[in-house]
Amino acid sequence: MSRTEENRSGEEIRQVRRYLFLLVGLLIMAFGVAFSIKAGLGTSPISSVPYVLSEALPLTVGNVTILMHCVFILLQIVILRRRYQPVQLLQLAVAIVFGYMTDFAVWALGGLECSGYAMQWFFCIVGILLVAVGVSFEVTANVVTLAGEGLVLAICQVAPVKFGTMKVIFDVSLVVTACVLSLLLLHGLYGVREGTIAAALFVGTVSRQINKPLGRVGEKIFQRK
């Protein structure tokens, strides 16, 4: 094998490892969403709309998550137009995998009992931690983002706004949308509670603390021959 072929083979192996790393992160994140749903204190902002619609329609949380991410991908194409990179269509595959993983995680936790407010907060905290770890895996993999983050990045490319600021606006918009849909379709406030606020405040903070050490571990795995 020539050096060029060896380098190409090594790069392909590293890419496969990155995608496997991403899949692990998606599964961890899916269980984080499931724990948040089980807690009953409100889901994270990105899951608030799918949860409300799954309660109002004959669809699962995972089904609605996939549909919502499809809308996010279409919005990216509309916003970026010729600047849209076709490789980002891989977000659709990621959305489908994440949607089914979420449904699996919700099913897997179906037998767990969550009685009492203290236990609800315990489940909520576990959910926040798992989502944060999953996000860190996604960042470390550095291959394809979830469509929600892709949409935020797309807006930042055409508007003079920082990613952090736009992410906050995006999350708030999702929560407000979930509240409106909940009131219109369910005639009450579902899926948005104190746990939603906690997730909005702490997922990003915890994820940033994990990024550096996990990044070092990830690079060792990706560079290993």
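## Basis of the model

Residues are numbered from 1 along each chain as its sequence is written, and side-chain values use heavy atoms, with hydrogens and water left out. The model is predicted: local features need pLDDT of at least 70, side-chain atom pairs count only at pLDDT 80 or more, and totals for chains, interfaces and linings use all residues.

## Overall fold

The protein chain has 8 helices and 0 strands. Its order from the N terminus is α-α-α-α-α-α-α-α. The radius of gyration is 18 Å, close to the 17 Å that the globule rule gives for 225 residues, so the chain is as compact as a globular protein of that length. Helices (H or I, at least four residues) and strands (E, at least two) are DSSP runs, numbered from the N terminus. The radius of gyration is taken over C-alpha atoms, and the globule rule is 2.2 Å times the number of residues to the power 0.38.

Along the principal axes, the C-alpha atoms fill a box of roughly 65 × 40 × 30 Å. Among contacts (heavy atoms within 4.5 Å) between residues at least 6 apart in sequence, 77% join residues at least 24 apart.

## Surface and burial

Of the 225 residues, 42% count as buried. Buried means under 20% relative accessible area, exposed over 50%, and partly exposed in between (1.4 Å probe, protein chains only).

The protein chain exposes about 12,300 Å². Carbon and sulfur atoms supply 67% of that area. Accessible areas come from the Shrake-Rupley method with a 1.4 Å probe; for residues, only the protein chains shown count as cover.

## The largest pocket

The largest pocket has a volume of about 970 Å³. Its lining has 38 residues. Glu149, Lys167, Asp171, Val203 and Gly204 lie nearest the pocket centre. Two or more lining residues come from each of helix H1 (3-39), helix H2 (45-56), H5, H6, helix H7 (163-186) and helix H8 (194-223). H8 gives the largest share, 11 residues. By class, the lining has 22 nonpolar, 11 polar and 5 charged residues.

The terms are as follows. On a 1 Å grid over the protein atoms alone, a cavity is a set of points where a 1.4 Å probe fits but cannot get out. A pocket is an open set with protein on both sides within 12 Å along at least five of seven lines, and lining residues have an atom within 4 Å of a point. Grid points are joined across faces, edges and corners, and a volume is the space filled by probe spheres set on the points. Ala, Val, Leu, Ile, Met, Phe, Trp, Tyr, Cys and Pro count as nonpolar, Asp, Glu, Lys and Arg as charged, and the others, Gly among them, as polar.

## The cavity

The count comes to 1 cavity of 30 Å³ or more. About 40 Å³ of space lies in the largest cavity. Val33, Ile46, Ser47, Pro50, Thr65, Met68, His69, Phe98 and Thr102 line this cavity. H2, H3 and H4 each supply at least two of the lining residues. The lining divides into 5 nonpolar, 4 polar and no charged residues.

Threonine 65, one of the cavity-lining residues, is found in helix H3. Threonine 65 is buried, with a relative accessible area of 6%. Setting aside residues up to four places away in sequence, threonine 65 touches Pro50 and Phe98.

Threonine 43 sits in the loop between H1 and H2. At 3% relative accessibility, threonine 43 counts as buried. Not counting residues up to four places away in sequence, threonine 43 touches Ser36, Ile37, Ser48, Tyr51, Gly191 and Thr196.

Tyrosine 117 is in helix H5. At 45% relative accessibility, tyrosine 117 counts as partly exposed. Leaving aside neighbours within four places in sequence, tyrosine 117 is in contact with Leu41, Arg193 and Glu194. The C-alpha atoms of tyrosine 117 and leucine 41 are separated by 9.0 Å, and the two residues are 76 residues apart along the chain.

## Positive phi in two loops

Most residues other than glycine have a negative phi. Arginine 81 is not a glycine, yet has a positive phi of about 55°. Arginine 81 lies in the loop between helix H3 (61-80) and helix H4 (90-108). At 66% relative accessibility, arginine 81 counts as exposed.

Asparagine 142 also has a positive phi of about 55°, although it is not a glycine. Its place is in the loop between helix H5 (117-141) and helix H6 (147-158). Asparagine 142 is exposed, with a relative accessible area of 60%.
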